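Hi everyone, thanks for coming. I'd like to walk you through one structure today, so please have a look at it with me.

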Amino acid sequence: MPFQVVKHNIEKDTLDRTFDAVICNELFEHLRINLIDTFEHVYDSLAPGGFLFLSTPNVASAEGIWGLLRQDRSYVAEEDTYHAWSKLNQIGHMGHVKEYTGSEVASFTRSPENAPCGSTGMNLAD
């Protein structure tokens with residue numbers, strides 16, 4: 001099945017067409033913009049029956065909890081909060097703005113305001 005890949009800057013660009021699928025791979029936790037408005041636009045850009053594939057590290061995983069216990073910070077945190085935010089000025093982006101549990105992501109994507117294409121929610125794998 002042929003398909004076209006479109007690279008998109010979700011923080012700056014507007015989605016001006018419809019897509020059969022949108023993939024947000026390890027992106028959700030990096031966004032510094034209004035997630036509600038952003039994902040309303042993403043859902044609006046999905047063709048009827050389209051799919052949103054969204055993945056993010058699960059801070060409540062065994063690895064995440066072990067990282068908290070072992071080093072007093074999330075397992076995906078590279079450094080302290082100040083240095084993570086200072087990357088914005090240095091290189092224009094940063095690490096994770098927030099780390100989510102699976103239930104937080106599921107709750108966000110299933111909320112009635114964010115339900116895609118008029119559905120009541122999305123099924124997410126744990």
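Before we start, a word on terms: when I say that something covers or touches a residue, I mean contact, that is, heavy atoms within 4.5 Å. And a residue is buried when its relative accessible area is under 20%. Please also keep in mind that this is a predicted model.

Let's begin with helix 1, which spans residues 35-45. Which residues of helix 1 are buried? They are L35, T38, F39, V42, Y43 and S45. Around the axis they cover an arc of only 160°, so they sit on the same side of helix 1. If you turn to the face away from that buried side, you find the exposed residues H41 and D44. And what covers the buried residues? Strand 1, strand 2 and helix 4 are included in that cover.

Now, helix 4, residues 102-110, has its own buried set: V105, A106, F108 and T109. Seen down the axis of helix 4, these fall within an arc of 160°, so they line one face of the helix. That buried set packs against helix 1 and strand 2, the latter being residues 46-55.

In general, nonpolar side chains in soluble globular proteins tend to be buried together. Here, the largest nonpolar core has 16 residues, and the members touching the most other members are V22, F28, L35, F39, L52 and L54. At least two core residues come from each of strand 1 (19-25), helix 1, strand 2 and helix 4. Helix 1 gives the most, with 4 residues.

Leaving out residues up to four places away in sequence, F39 touches C24, F28, L31, L52, L54 and F108.

Let me finish with T38, also in helix 1. Is T38 buried or exposed? Its relative accessibility is 9%, and because that is under the 20% cut-off, T38 counts as buried. Beyond its neighbours within four places in sequence, T38 is in contact with I10 and I33.

Methods: Residues are numbered from 1 along each chain as its sequence is written. This is a predicted model: local features need pLDDT of at least 70, side-chain atom pairs count only at pLDDT 80 or more; totals for chains, interfaces and linings use all residues. Side-chain values use heavy atoms; hydrogens and water are left out. Buried means under 20% relative accessible area, exposed over 50%, partly exposed in between (1.4 Å probe, protein chains only). The arc is that of the directions from the helix axis to the C-beta atoms. A nonpolar core is a set of buried Ala, Val, Leu, Ile, Met, Phe, Trp, Tyr and Cys residues joined through side-chain atoms within 4.5 Å.
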